[in-house]
Amino acid sequence: MSILELAIRILLSFLTMLVMTRIMGRKEISQMTFFNFVSAIAIGSIGANLAVSQNLSIRNGVLALVGWGIITIIMDLLDINSKKARIALEGEPLIVIKDGQIMEKALRKVRLDIDALNAMLRQKNVFSLADVNYAILENNGELSVMKKDNKQFITKSDFSIKSDSDELYPISTGVISDGKVNIDNLSKLNLTEDWLDQQLSKME
């Protein structure tokens with residue numbers, strides 16, 4: 001193979017893959033279906049062969065790249081427009097933990113061992129199965145975790161109340177300051193100390 005032919009092959013391979021990639025659209029790796037992943041590997045392999053292999057003609061190499069690209073686009077359209085096709089291509093999310101209990105059948109189905117599951121839970125800052133209400137293994141391999149109510153993180157909004165004008169006042173800073181009840185703010189919110197005592201008792 002001459003240097004000129006090699007240069008032409010490399011340029012054609014690069015341009016064809018660039019055009020097909022732009023046509024197929026942009027997807028993060030986590031958003032790719034199994035077929036997208038297989039297709040990306042196949043297109044990369046064909047592109048590499050087109051660039052350096054004399055056993056693959058330039059015409060056949062370009063046609064193979066375009067063909068894989070067209071098939072990928074068709075499969076993506078099926079994935080968007082047909083739920084059955086989407087399930088066939090991607091599968092369905094699986095519940096792997098329910099009410100703190102591991103769903104062993106689901107783990108076997110996805111060939112995931114308990115050590116790997118525990119590692120995924122730790123990445124979600126969960127260190128006890130008893131804290132988990134549901135854990136769902138998504139199609140992209142990510143683990144979605146819903147903790148039990150008493151293990152949920154508390155946000156500022158959980159300690160906030162609304163006035164009659166729908167303005168949000170944080171309880172911790174607006175009603176109680178330095179451990180003392182702010183009577184003025186309670187009055188502005190049309191609230192009483194009895195109401196505040198009831199709310200605080202619910203948080204215990």
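# Getting to know this predicted model

Me: Which exposed residues sit on the face of H4 turned away from its buried side?
Reply: Helices (H or I, at least four residues) and strands (E, at least two) are DSSP runs, numbered from the N terminus. A residue is called buried under 20% relative accessible area, exposed over 50%, and partly exposed in between (1.4 Å probe, protein chains only). Turned away from the buried side of H4 is a face that carries the exposed residues Lys 83, Lys 84 and Ala 88.

Me: What kind of model is this?
Reply: Residues are numbered from 1 along each chain as its sequence is written, and side-chain values use heavy atoms, with hydrogens and water left out. Local features need pLDDT of at least 70, side-chain atom pairs count only at pLDDT 80 or more, and totals for chains, interfaces and linings use all residues, since this is a predicted model.

Me: How do the buried residues of H4 line up when seen down its axis?
Reply: Helix H4 covers residues 83-90, and Ala 85, Leu 89 and Glu 90 are buried there. The directions from the helix axis to the C-beta atoms give the arc. The buried residues of H4 fall within an arc of 105°, so they line one face of the helix.

Me: Which helices do those buried residues of H4 pack against?
Reply: Packing is a matter of contact here, meaning heavy atoms within 4.5 Å. For the buried residues of H4, the partners are helix H2 (34-52) and helix H3 (58-81).

Me: Which residue takes a positive phi just after H4?
Reply: Look just past the end of H4. With a phi of about 85°, the residue there is Gly 91.

Me: Where in the structure does Asp 99, with its positive phi, lie?
Reply: Asp 99 is a residue other than glycine, yet its phi is positive, near 55°. Its relative accessible area of 47% makes Asp 99 partly exposed. Asp 99 belongs to the loop between S1 and strand S2 (101-102).

Me: Is Asn 125 buried or exposed?
Reply: Asn 125 sits in the loop between H6 and S3. It is a non-glycine residue with a positive phi, near 60°. Given a relative accessibility of 52%, Asn 125 counts as exposed.

Me: Which residues touch the most other members of the largest nonpolar core?
Reply: A nonpolar core is a set of buried Ala, Val, Leu, Ile, Met, Phe, Trp, Tyr and Cys residues joined through side-chain atoms within 4.5 Å. The largest one has 14 residues, and the members touching the most others are Val 96, Ile 97, Leu 117, Leu 121 and Leu 143.

Me: What does Val 96 touch, not counting residues up to four places away in sequence?
Reply: Val 96 is a member of the largest nonpolar core. Beyond those sequence neighbours, Val 96 touches Gln 101, Ile 102, Met 103, Ala 106, Leu 107, Leu 117, Ala 135, Leu 137 and Leu 143.

Me: Which two residues meet in the one salt bridge of the structure?
Reply: A salt bridge is a side-chain nitrogen of Lys or Arg within 4 Å of a carboxyl oxygen of Asp or Glu. The 3.3 Å N to O distance joins the side chains of Glu 5 and Arg 9.

Me: Which residues does Thr 16 contact, leaving aside its neighbours within four places in sequence?
Reply: Thr 16 is in helix H1. It is buried, with a relative accessible area of 12%. Its contacts are Val 62, Leu 65 and Val 66.

Me: How much accessible area does the nonpolar surface patch of Leu 11, Phe 14, Leu 15 and Leu 18 have together?
Reply: Patches are made of residues with over 30% relative accessible area and no salt bridge: like charges are joined within 9 Å, nonpolar side chains (Val, Leu, Ile, Met, Phe, Trp, Tyr) within 5 Å. Accessible areas come from the Shrake-Rupley method with a 1.4 Å probe; for residues, only the protein chains shown count as cover. One of the four, Leu 15, is in helix H1 (residues 3-24) and is partly exposed at 40% relative accessibility. Together the patch residues have about 380 Å².

Me: How many helices and strands does the protein have?
Reply: Of its 204 residues, 25% count as buried. The secondary structure comes to nine helices and eight strands.
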